[in-house]
Amino acid sequence: MCLPLCALSMTDTSSGGGHPGDKSASDDTSRFFTDEGLRPRVFRNEQLLSISAVPDRDRIIGRDTEIRDLSYHLRPVVEEQSTDPILLVGKTGTGKSLIARHVGNTAKEVGEDLGLNIEVVYVDCAQHRTEAAVARKAGRSVDKQLGEPLNVPHTGLGTSQYYSLLWELFEEYLDAAIVILDEVDMIQTAGSQANHDDILMQFSRAEEAGKITTNLGLVAISNKLDYVENLTPRVRSSFGSNEMQFPPYDANQLREIMYAREDAFRDGVLEDAVIPKAAALAAQEHGDARKAIQILKNAGKVAQNRGEEKVREEHLDAAQERTEVDRLEEHLRSQPTHARHVLHALANLTESEQATPDKKGYRTTRVHDAYVTLCEETGKDALKIDRVRDLLSEQALLEIVESSKVALGKSQGRYASWRLLKKPSIVRRCVSKRDEKEETEAEGTTSQSTL
Ligand SMILES: Nc1ncnc2c1ncn2[C@@H]1O[C@H](COP(=O)(O)OP(=O)(O)O)[C@@H](O)[C@H]1O
Ligand SMILES: [Mg+2]
């Protein structure tokens, strides 16, 4: 029997022009790894444009006030005293995660010089979305940093057991800890705020509740500007007035941020117009440094893939499109199936009616109809219109769709209208890709569980 692999190897050798076992064919491939002349020519250090890396201090532009204020706020921790929790809020790409991590790491270094063992515990709640998952991640990461003295297990324990292990690690091994709960609003609340509040309460009151004597600096971060208003008064009062707002960057600041990472590229590769134009593109919605850096990196990749030796202004359109795809894919990873169907339905509607481009948007009933059709095609049970309206409102908060109220005429009230803020073709492509991925994963789980 000829397996697919066999077909593959046949195509491979024939396209390489060699015979099976022909050494020159494999040498031909190995050249791509070793030949200096074939080295991709655009980047010198692509890592400098990685979003999750924390750049050195001299590459952090502006934000001096935020760095100073957060440092002062956390200073008691390195002076072996307690400090209140603090909340950082601002839109995406305004430097919240960066500043929290930079200041946290600096506190750890200063502590080391003073002979104190301070750990920074960073949890991205967009990836660890339940209280148990956050407690587990925190416990496992401290344990790992300390050389795994407690071997905190990956599975099998309840939330309170993970907390107990975490407190034990703090108590036994650390002089102080800085806990950063990033994107804390992403924690699933199962219809109430209970979960958010519980987590914040656990960390912010751990000392007071007598669970630990280790000084703990809690830094909570949210992209939602009104986050604090949704917390219960008890938790809100634990933050007191300790809230720092991160404003969006202007195009000048975005330019400086990119210039400070220019050496990610080889000398002379980046044409002069690229950074100013990329800054202007990133400043269009709101001044988002993540977008600026992603566009710059993608411009390099576009040039590289086209085999060109210079990154030029012309590469920016394709780079921006690629950035939109990357960001939408990232967004969709955390969205439930029906939210994706609703976006897909809105994209279908928009594409089918592009002949009327002045159209402001679509009424909820029309989006719901398109969504029901989609569910019928894919054999899914459709949600009722009220739930679809809720899902649309959530997408509006996340700036994927725009909602507006349209007046019906004299004293006849108003209706909600929805418009996609992303290109419909990109939305359809990304949603389908995500749907397929989840189906494959689900099949994998089923076949594993039947083994
Ligand atoms: N002031 C700044 N100077 C240099 N780089 C920045 C600055 N602000 C943000 N960045 C970079 O932009 C990206 C997004 O920043 P981040 O801190 O993740 O934003 P937020 O957490 O507010 O969404 C990161 O790669 C970060 O390094
Ligand atoms: Mg962040």
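1. The axes used below are lines fitted to C-alpha atoms, for helices over the stretch in contact, and angles between them run from 0 to 180 degrees between N-to-C directions. The model under discussion is predicted. In this model, helix H5 (residues 131-145) packs with helix H6 (residues 159-173) at an angle of about 30 degrees, and their axes lie 8 Å apart. Angles under 35 degrees count as roughly parallel, and H5 and H6 are therefore roughly parallel to each other. The crossing in which H5 passes H6 is left-handed.

2. The residues that join this first pair may be located on the structure. H5 contributes Glu131, Ala132, Ala135, Arg136, Ala138, Gly139, Val142 and Asp143. These meet Thr159, Tyr162, Tyr163, Leu165, Leu166 and Leu169 in H6. By class, the contact of H5 with H6 has 9 nonpolar, 2 polar and 3 charged residues.

3. A second pair consists of helix H10 (residues 274-282) and helix H11 (residues 289-305), which pack at an angle of about 135 degrees with their axes 9 Å apart. This angle makes H10 oblique to H11. H10 and H11 cross in a right-handed sense. On the H10 side, the contact is formed by Val274, Ala278, Ala279, Leu281 and Ala282; on the H11 side, by Lys291, Ala292, Ile295, Leu296 and Ala299. By class, this contact of H10 with H11 has 9 nonpolar residues, no polar residues and 1 charged residue.

4. H11 also packs with helix H12 (residues 315-333): their axes come within 8 Å and cross at roughly 120 degrees. That angle makes H11 oblique to H12. The crossing of H11 with H12 is right-handed. From H11, the residues in contact are Lys291, Gln294, Ile295, Asn298, Ala299, Val302 and Ala303. Their partners in H12 are His315, Leu316, Ala318, Ala319, Gln320, Arg322, Thr323 and Asp326. This contact has 7 nonpolar, 5 polar and 3 charged residues.

5. How many residues surround ligand 1? There are 19, and the closest are Gly95, Lys96, Ser97, Leu98 and Ala289. Helix H4 (96-113) and H11 each supply at least two residues of this shell. By class, the shell around ligand 1 comprises 8 nonpolar, 7 polar and 4 charged residues.

Methods: Residues numbered from 1 in each chain as written. Chains lettered and ligands numbered in written order. Predicted model: local features only at pLDDT ≥ 70, side-chain atom pairs only at ≥ 80, totals over all residues. Helix = DSSP H or I, 4+ residues; strand = E, 2+ residues; numbered from the N terminus. Parallel < 35°, antiparallel > 145°, perpendicular 65-115°, else oblique. Left-handed = near helix turned anticlockwise from the far one by under 90°. Contact = placed C-beta atoms within 7 Å. Nonpolar A, V, L, I, M, F, W, Y, C, P; charged D, E, K, R; others polar. Near = placed C-beta within 6 Å.
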